[in-house]
Amino acid sequence: MKRAFAVIILFFAVAAGAQSTLHERLTVDATDAPRNILHSTVTIPVTKGPVTLVYPKWIPGNHRPTGPISNVMGLHVRANGQEINWQRDLIDMYAFHLDSPSGATEVEVSFDTVTYNGTRSLASSKVLDLLWNQVVMYPEGIGSDAVQVTASIKLPQGWKFGTALVPANGARMQPDSAVFQEVSLTRLVDSPLIAGAIYRQIQLSAPGETPVHYLDMVGESESALQITDKDLASYKQLVAEAGKLYGARHYEKYDFLYTLGDQTAHHGLEHHESSDNGSPEDTFSDESAHNLEADLLPHEFTHSWNGKYRRPKGLATPNYQEPMKGDLLWVYEGLTDYLGNVLAARVGLRSPEQFRENAAYTAAMLDHRSGRTWRPLQDTATSVQLVFGAQSEWVNWRRSADYYPEGFLLWLEIDTLIRRQTNNQKSLNDFCKLFFGGESGPPIVVPYQFDDVVTALNQITPYNWAGLLRERLDSKSKRAPLGGFENGGWKLIYNSEPNATMKAAEKSGDNLDLSFSLGMIVGKDGTLRDVIPGYPAYAAGLGPGMKLYGVNGRKWSKDVLRQALRASVNSKSPLSLLVENAEYYNTYQIDYHGGEQYPHLQRENAQTDLLEQIIKPMATR
Ligand SMILES: [Zn+2]
């Protein structure tokens with residue numbers, strides 16, 4: 001760890017030495033948030049010579065060039081009260097060249113940002129999720145650490161807010177507006193703000209305990225924020241479990257920002273001192289939603305250590321215009337996927353059975369991923385800009401952001417290998433403490449590369465880790481790596497019993513997932529969402545985008561299709577599907593007799609149950 005700290009001191013010294021600090025003032029008028037438009041004014045110091053301003057393009061946590069530049073409107077630049085003309089760069093759509101602001105020492109830039117992004121928005125009648133990168137500009141070429149910003153916000157009347165930012169003068173003058181203490185642009189962008197008419201803050205840390213942790217919630221209704229006593233106890237336990245796992249904390253206080261509503265985006269975005277989470281309105285009351293969302297806060301909290309404090313070198317960029325490299329996302333996101341699921345089970349947000357059903361579904365999905373024969377796991381991370389957000393048709397053949405779920409399998413295998421190698425004296429918990437622990441304090445970034453991960457694993461227990469990792473990352477094997485289950489005393493099996501995670505997902509997304517029988521996924525209206533090459537539906541000629549109308553001569557419904565699958569076991573005739581493809585109807589015969597098939601984990605008694613040990617709490621309850 002000492003070597004890593006020396007590296008980072010040098011990193012910041014270079015950045016700070018190269019550029020003098022610049023002070024910006026940012027005012028955000030969010031009173032129009034309910035109609036999804038924000039008005040911002042940025043005052044930026046300028047010196048003699050050409051001035052180019054940039055709008056953030058590469059967004060941390062997104063790992064991609066997703067800054068919503070097409071949503072920037074009404075742009076005006078003024079100096080000494082006079083309008084100044086701007087011209088967009090011919091190549092870089094995020095850069096604006098200004099006419100010389102003769103004699104002026106600062107320019108005032110005003111513009112609007114629309115927060116509606118098609119299917120889901122960042123604001124509604126009742127809530128706002130404010131991402132500062134969407135409402136700010138800064139001079140081209142400067143590092144985001146060298147820009148200091150004093151930000152202020154005005155909200156709709158009566159709205160309250162939660163954020164990791166600290167209000168200036170230590171007090172909030174009005175509930176619906178605030179001026180924040182000056183912070184670097186890096187820290188501002190890393191500290192989103194949620195606001196809403198219905199707001200609730202609960203302290204998760206015990207009184208007097210530091211650093212303090214808060215759960216800040218906004219929602220579409222009062223009932224959305226009615227967290228159960230059991231969940232509240234779990235989130236308090238999450239703070240304790242993470243402390244035990246990593247042994248240090250790299251923040252001064254932490255805010256779990258949680259938006260509960262169906263009008264705004266369901267997502268999670270990690271930050272050093274907060275996480276920005278969005279879930280369905282009924283998450284605390286509906287069993288299916290609760291099961292599906294259970295690892296969201298544990299996942300994003302984990303990122304404070306894995307992703308923010310320790311960050312792949314290619315993602316630790318000096319500002320938001322510098323391209324990012326995603327090649328180590330199988331650590332940044334893959335290990336976080338694993339730890340988020342493990343922590344959710346350790347704190348009781350998921351039962352051991354739910355943890356196993358979720359793991360079985362993940363494994364089965366990847367074990368039926370036809371694209372793995374051409375696209376290795378490594379490439380799903382390297383091409384994050386392409387796979388993330390790609391259309392859902394042919395996703396099985398294309399592959400998706402598989403470094404998340406396959407990261408779960410990979411790190412489970414590593415965890416069980418360490419446990420077996422060391423006769424259960426050590427585990428991945430020790431790696432986490434070594435790699436993500438260090439000394440507690442305010443946010444810093446310690447970049448790493450592939451070899452640093454291998455070195456740390458070897459410090460826990462010597463093994464050919466580099467060889468194993470490269471084999472898993474570069475493999476074009478048709479089958480998913482299931483060694484973690486085998487080492488851990490479990491086996492992936494299929495039977496006609498529904499899988500609990502799939503059942504919850506069907507209730508929430510309304511798709512019928514027949515991946516493990518016919519090899520296809522059917523939407524609520526009969527549209528085939530995806531078809532898996534190499535499986536029966538594909539062999540019969542079906543493809544995604546086609547629409548199902550009839551099953552064995554009867555009008556299609558989920559129940560009719562399920563019944564036909566069950567009957568296929570004792571039938572000699574093929575399944576007959578009437579399907580529309582771009583205005584033409586056709587009947588497809590699927591020669592399938594395997595019935596319904598869903599994945600589960602089955603205990604192999606010859607081996608010790610390592611899964612049970614992995615999800616055992618570390619902290620006292
Ligand atoms: Zn993540």
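**Notebook: a surface patch, a zinc site and salt bridges**

I looked up W374 and found it partly exposed, because its relative accessibility is 39%, between the limits of 20% for buried and 50% for exposed. The model I am reading is a predicted one. I placed W374 in the loop between α8 (352-367) and α9 (377-382). I then noted that W374 belongs to a nonpolar surface patch with W394, W397 and Y538, and that together they have about 420 Å² of accessible area.

Next I went to the zinc ion. I found its protein donors to be H299 (NE2), H303 (NE2) and E333 (OE), at 2.0 to 2.1 Å. I noted H303 and E333 as both buried.

Last, I searched the whole structure for salt bridges and got 28. One of them joins the side chains of E406 and R399 at 2.7 Å, N to O, and I found both residues buried.

I also followed K558. Its side chain meets E506 in a salt bridge of 3.4 Å, N to O. I placed K558 in helix α19 (residues 558-568) and E506 in helix α17 (residues 500-509), 52 residues apart. K558 also forms a salt bridge with D510, with the closest N and O atoms 3.1 Å apart. D510 sits in the loop between α17 and β24 (512-514), so its pairing with K558 in helix α19 ties together parts 48 residues apart in sequence. I recorded a salt-bridge network linking E506, D510, K524, K558, R562, R566 and E596.

Technical notes: Residues numbered from 1 in each chain as written. Predicted model: local features only at pLDDT ≥ 70, side-chain atom pairs only at ≥ 80, totals over all residues. Heavy atoms only, no water. Patch = residues over 30% accessible without salt bridge, like charges linked within 9 Å, V, L, I, M, F, W, Y side chains within 5 Å. Areas by Shrake-Rupley, 256 points an atom, 1.4 Å probe, with all protein chains shown as cover. Salt bridge = Lys/Arg side-chain N within 4 Å of Asp/Glu carboxyl O. Helix = DSSP H or I, 4+ residues; strand = E, 2+ residues; numbered from the N terminus. Buried < 20%, exposed > 50% of the residue type's maximum accessible area, 1.4 Å probe, protein only. Donors = N, O, S within 2.8 Å, 3.2 Å for Na, K, Ca; no water.
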